[in-house]
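Open the structure in your viewer and keep the selection tool at hand. Each stop below says what to select and what is there.

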Amino acid sequence: MASSDQILQYCLSGLSTGAIYALIGIGFAIIYNSTGIINFAQGEFVMLGGMLTVFFLSVAVLPLPAAVTAAVLVATLVGVIFERLAIRPLKDAQPITLIIITIGGSILIRGIVMLVWGKDTHALPAFSGNEPLFVGGATILPQHLWIFVITVLIIAANRLYFHHSISGKAMRACSYNARASRLVGIDVKRMVLFSFAISAAMGSMAGIIIAPLTMTSYDVGVMLGLKGFCAAIIGGMSSGIGTVFGGLIVGVLESLGAGLVSSGYKDAIAFFILLIILFLRPQGLFRKGETERV
Amino acid sequence: MLRGEAITRTFGGITALDDVSFSFAAGKITGIIGPNGAGKTTLFNIITGIYAPTEGKVFLEGKDITGLAPEKLARMGMVRTFQGIELFPQMTVLENVMVGRHTKSKSGIIASAFKLPGHIREEKNIREKALSWLQFAGLGDLADQEAGSLPFGRGRILEIARALALEPRIIFMDEPAAGLNSRETRELAGLIRKISELGITIALVEHDMELVMDICEEIMVLNLGRKLAWGTPREIQENREVVMAYLGEG
């Protein structure tokens, strides 16, 4: 029987990975809402965040904040280029075609990274040491705090942007009614480009803040991307609080399952949840009906 | 103001518009009427960039705008409303109009991230302008309602308010009175006159003859894809060909 301290421990580490899944999930949701497609290359932006930071730290020998900024910028640029080269030329294509293209894109990005930086696993130093902090009977690392703080900041900035800026409102407008958006002069294609830029930036940031805990390599994007996808599905593809809860639920259940049952089932748990949600509530846990698309 | 030259549009073997030329005078309210299938909506869709014409050209203040996309036209000062209302139902009434001022906004995504103070000022500015357009259209007290919850007639007015927020020089309205009751139609007529008084050119396709004869200064009649007549409401009412086209010969 696990002690309550242990349970607390599992929950805390689950919440921090859950926060990462939430960030990745919101990236899925933003692109889905502006284009109607699931971008399966989302995980690669996450991987690029971690790998590029490693590169800028070790090869370009930049200080950590500069390396992080450079990595986010480059990953965002990759997102923009990806939209330009792979999505925009086919804008009238069926969503399924585009989704398959994103899968192809993800394989391509992963392959290039593997060729350039190899298959090794890389460690990223923690942002501020590894001295554990005690919370009740559990311990967390400073990096966990970084994850919480950065996630909250990104989600708050996101909300501010989408609800309190005219450019964000225009992006929301596109997701509600693309035809009406064009009528009021919104360049829908530009908004799609923005959505890829924002998702790539958020995804890469998620990849950077998790890398000190889990290490990073050319293929971490697959699993992280799929977990983020679970979060977005649970959240009903909302780019708001629903997906945040989705991420936290996946993170905590995964961590509890791994700790209390068997760590071999860690990944299976996320997909088990995904299947149950898809069978029982395909519109997500936090959505009233299928008609609403926020 | 807006000129069309020899516009022809075919769909497969069917000629929806055949060599139609027209010129809408600046600041006037022009009505486009005609029996069903006359090509009114096709003409509208060509002018507003939904379709490209098979032949012919459209000029806005002397500039060739043939086939430009709706968002480009909106930025050039030409907007339209649809027969079925096209709103952002999950946003508030005010937000709907604010989005209409998007084209007037300078700050893009980068600016909004880095220039917060200027951005907040602009946001406030946009909010105030949007609110003043809502008040102009008589929707001021509904600002915070969700647009999806508005009754049909109010939604139509909101769509017009949103179009006005783009500060257009010319507005196209596709059957603005469709689905409105007589009181709402009277309100609409009042609003259209008020818009015209601002110096904005208005063109509308409409089936409600009473409304057209009441508010339009010039009328173009289409029949079977051709321009049948052009004139003041009085001239049109007295035109035998027009009467025959509507009533059938006999």
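B:Val79 belongs to strand β6 of chain B; strands (E, at least two residues) and helices (H or I, at least four) are DSSP runs, numbered from the N terminus. This is a predicted model, in which local features need pLDDT of at least 70, side-chain atom pairs count only at pLDDT 80 or more, and totals for chains, interfaces and linings use all residues. Residues are numbered from 1 along each chain as its sequence is written, while chains are lettered from A and ligands numbered from 1 in the order in which they are written.

**Around B:Val79**

Is B:Val79 buried or exposed? B:Val79 is buried, because 30 other C-beta atoms lie within 10 Å. A residue counts as buried with 20 or more other C-beta atoms within 10 Å of its own, as exposed with 12 or fewer, and as partly exposed in between, with C-beta atoms placed from the backbone. Now show what B:Val79 touches: A:Leu183, B:Ala74, B:Ala163, B:Leu166, B:Pro168 and B:Ile171, leaving out residues up to four places away in sequence. Contact here has a cut-off: the C-beta atoms of two residues, placed from the backbone, lie within 7 Å.

Select the rest of β6(B). B:Met78 and B:Arg80 point one way, B:Val79 and B:Thr81 the other way, and all are buried. In a regular strand the side chains alternate between the two faces of the sheet.

Next, select β6(B) together with β7(B): they run parallel and are joined by four bridges. Two strands pair if DSSP finds at least two bridges between them. Axes are lines fitted to C-alpha atoms, for helices over the stretch in contact, and angles run from 0 to 180 degrees between N-to-C directions.

Go to β3 (residues 29–33) and β8 (residues 201–205) of chain B, a parallel pair over four bridges. Here B:Gly31 is opposite B:Leu204 in β8(B).

Then pick β9(B) and β10(B), an antiparallel pair over five bridges. B:Ile219 is opposite B:Gly231 in β10(B). The hairpin of these strands has two residues between them, and B:Leu224 takes a positive phi near 50 degrees.

**The four-stranded sheet of chain B**

Select the open sheet β2-β1-β4-β5 (chain B), whose four strands have antiparallel pairing. Its edge strands, β2 (14–24) and β5 (63–64) of chain B, each pair on one side only. β4 (residues 55–60) of chain B joins β5(B) over two bridges, and B:Phe59 has B:Asp64 as its bridge partner.

**Across to chain A**

Select both chains: 22 residues of chain A are in contact with 29 residues of chain B. On the chain A side, α5 (142–164), α6 (166–176) and α7 (178–183) each give two or more residues, and α6(A) gives the most, with seven.

Move to helices α1 (residues 4–35) and α8 (residues 188–214) of chain A, whose axes come within 9 Å and cross at roughly 170 degrees. α1(A) and α8(A) are therefore roughly antiparallel; angles over 145 degrees count as such, under 35 as roughly parallel, 65 to 115 as roughly perpendicular and the rest as oblique.

Finally, select residues 289–294 of chain A, where pLDDT, the predictor's confidence in each residue from 0 to 100, stays under 50. Chain A averages a pLDDT of 89.
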